[in-house]
Amino acid sequence: MPHSNPYVRLADEIARQLGQLGDHLAILPPHEATQVIARVVDPADGVLAGVTHLVSVSSTFAKVQAERGALPAEVWLALGRATNELDAIGGDLDEHREILQHAGNRPDTAPAKPPAPAPLVVRRRR
């Protein structure tokens, strides 16, 4: 039974579409998948930026509700931590945005020789 609140229905639809996008991403040709990933991590208009904003607004709402006693303070604190983590992740990914955009604009072509293997583990700068 559909929910009567249109915003809950909107959240459900967005979640469904994100799942669908992830399923399609797994089977897209590399240059198309790279274009999608570049849009997901775009710091201004990307999916991650939108989710970060939504969690941030949720944190602000939860703070007010916690101050009124309607929600436990732990809810507000957890949403605040989630906002901070998402923002940090967005910052880390922003370093690679231009590379993703550039790679997504190249058509699929087989390289003349295989690329050199890249290390899969990179230490983060702190």
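In this predicted model, the side chains of E13 and R16 meet in a salt bridge, with 2.6 Å from N to O, a salt bridge being a side-chain nitrogen of Lys or Arg within 4 Å of a carboxyl oxygen of Asp or Glu. The two residues lie three apart in helix α1, and are therefore separated by about one helical turn; helices are DSSP runs of H or I of at least four residues, numbered from the N terminus. E13 is partly exposed at 30% relative accessibility, as is R16 at 44%, where buried means under 20% relative accessible area, exposed over 50% and partly exposed in between (1.4 Å probe, protein chains only).

The structure holds four salt bridges, among them one between K63 and E67 at 3.5 Å, N to O, which are four residues apart in helix α3. Here K63 is partly exposed, at 34%, whereas E67 counts as exposed, at 59%.

In helix α2, the buried residues are A33, T34, A38 and V41. They cover an arc of only 140 degrees around the axis (taken from the directions from the helix axis to the C-beta atoms), which puts them on the same side of α2. Their cover includes α1, α4 and α5.

Residues are numbered from 1 along each chain as its sequence is written. The mean pLDDT of the protein is 89.

Key
Predicted model: local features only at pLDDT ≥ 70, side-chain atom pairs only at ≥ 80, totals over all residues. Heavy atoms only, no water. pLDDT = per-residue confidence, 0-100. Contact = heavy atoms within 4.5 Å.
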